[in-house]
Amino acid sequence: MNSLKYWLTCTVMLFMAQVALAQDAIEITRGSDRATPIAVVPFGWQGGTPLSEDMAEITSNNLRNSGMFAPFARENMLSHPVRAEEIFPRDWTMLGVEYVLAGQVTSTGAGYQLQYHLYSVPREKVILSRTVTGGENQLRDMAHKLSDEVFEHITGIKGAFSTKLLYVAAERFSADNIRYTLQRSDYDGARAVTLLQSREPILTPSYAPDGQRIAYVSFESRRPEIFVHYIQTGRRERITSFEGLNGAPAWSPDGKRLAFVLSRDGNPEIYVMDLDSKQMRRVTNHYGIDTEPSWLDNNTLVFTSDRGGRPQIYKQNLNSGTTERLTFVGNYNANAKLSVDGRTMVMVHRQDGYRNFHIATHDLERGNLKVLTETSLDESPTVAPNGTMLIYATRQQGRGVLMLVSTNGRARSEIPTKFTDLRVPSWSPYLP
Amino acid sequence: MEVIKFGKMAALVVAFGVVVGCSSKGGDAAGTGAVDPNAGYGSATSTSGADSVSSEEAALRAITTFYFEFDSSELKPEAMRALDVHARDLKAQGNRVALEGHTDERGTREYNMALGERRSAAVQRYLVLQGVSPAQLELISYGEEKPVATGSTEEAWAQNRRVELRK
């Protein structure tokens, strides 16, 4: 008995010691066995008061979010170089770091300037040296810009960290008193700004390809109506207000047309409207539910339909009218979004025989399906313009949260917020 | 539409000399009338001369929420019995009501918007078959956006899969 107790104590102590030792190691490699190790060293700053934003930290998080990098823990760094000549390969080789990013922030009077250096440890040389500048309140913009540059330089993929996110927040004061707000934030949830406030639901916001306009469904008149909203001016245009459903607006890639759902003919059908002429035509014609249109290209829509008995994804050519079923695995596939290259479809998926809804990617060329999430009520996926990350909505302890996950499945984090309940995220295109 | 509805409400008030509690849907015009939307419904009919209103009929009339099974828009027998009473009242009074369709939180929001409408359409179809004019019935779906029960449990989901008949 005593020896068992002793054995247990030792085991527990040993285990705790291992956890303590391994904590940083876990931090580095969490879920990412092949992510590139990079050290983003805290940037030098000579100013009297600390900067309001930690640009190295933001950059580190950006790179981690892509699932392609494993940022090295700051507290385990052996040196904190600021200038290029202060980066010594021996400090980093033994830590297994492949890239070092270091830099110096200086004041420009009206704002800040960051001079940074990207160093390749195996090649023992600086491979990129650049300067980013910004106004006093643009430290986050500067961090996102430098993240984009570093990400693209190493991976060859255009960075999408300077993008924005739309989502709806619901604040429930009582059963009859809920405030819905349409929020626009950085892609990572920071700097949220309210674009619209209503006591009735706001649904399915979506960014136009120009990044200037958004479309959404608002129940503000106690019925669903589709609006187009100009972000800069706040001007709003009511697009549809038909009897029955007015829902699921989706922009064509050329930004000239809007696909949406109306049930004015008796059941939910998909329509396409030319936004200049307001000419509208019906695209689907089936007694089942047709909804959630998404554009594969300017001539092709994918959408959800239960015409086969259960919700599945279909594709329709707008010129020929031919329709083809795309999904066959799972008993519920819905709300498909296309990656910009049109090769991958992200959707809500439920496996046969299971009750949980997950986010899955579906390779349109090879047809293989990959389930990306593990929670139970996952919905509303939206993909970053470079396809490396996606954000979806799910529920945790009775509240709606937004989760960011890399498309390779390695990185996963919750979008921080001050609101209790979030839903329907929409990722912006690349912004000028 | 709002105007017509209020006009009809006003006519009812004059005709029966009772104060009809304004529902939250038409509540803007009546100011503070944020009471049980069905309160006036029962009192209006009880003064309409039907002396032999059985307690069972009154109980059925009080039922204004109709529940559905998961992923189904099929009316249950108890819902049909209550709708029979509502159909008689609607034919007698010619007033307009809203049929609000709702779903539970499972599945996608826009698909549920369509499912909610399918449920309110099922109630509409049943009432029309009993002789109610389609013009008296306004269909609106809120999908999963307006749950009455929060939480991700079977009980909460069962309460949220519903159509509400509202004056």
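Reader: How many bridges join strand 11 of chain A to strand 12 of chain A?

Author: This is a predicted model, in which local features need pLDDT of at least 70, side-chain atom pairs count only at pLDDT 80 or more, and totals for chains, interfaces and linings use all residues. Residues are numbered from 1 along each chain as its sequence is written, while chains are lettered from A and ligands numbered from 1 in the order in which they are written. Strands (E, at least two residues) and helices (H or I, at least four) are DSSP runs, numbered from the N terminus, and two strands pair if DSSP finds at least two bridges between them. Strand 11 (residues 213-218) and strand 12 (residues 225-230) of chain A run antiparallel, and the number of bridges joining them is six.

Reader: Which residue in the turn between strand 11 and strand 12 of chain A has a positive phi?

Author: The two strands form a hairpin with six residues between them. The residue in that turn with a positive phi, of about 70°, is A:Arg222.

Reader: What is the bridge partner of A:His229 in strand 13 of chain A?

Author: Strand 12 also runs antiparallel to strand 13 (residues 236-240) of chain A, with four bridges. These two strands form a hairpin with five residues between them, and A:Gly234 in the turn has a positive phi of about 80°. The partner of A:His229 in strand 13 is A:Arg236.

Reader: Which strand gives the most residues to the side of chain A that touches chain B?

Author: Two residues are in contact if their C-beta atoms, placed from the backbone, lie within 7 Å. By that rule, 28 residues of chain A are in contact with 19 residues of chain B. Among the strands of chain A that give two or more residues are strand 10 and strand 14. The one that gives the most, with three residues, is strand 22 of chain A.
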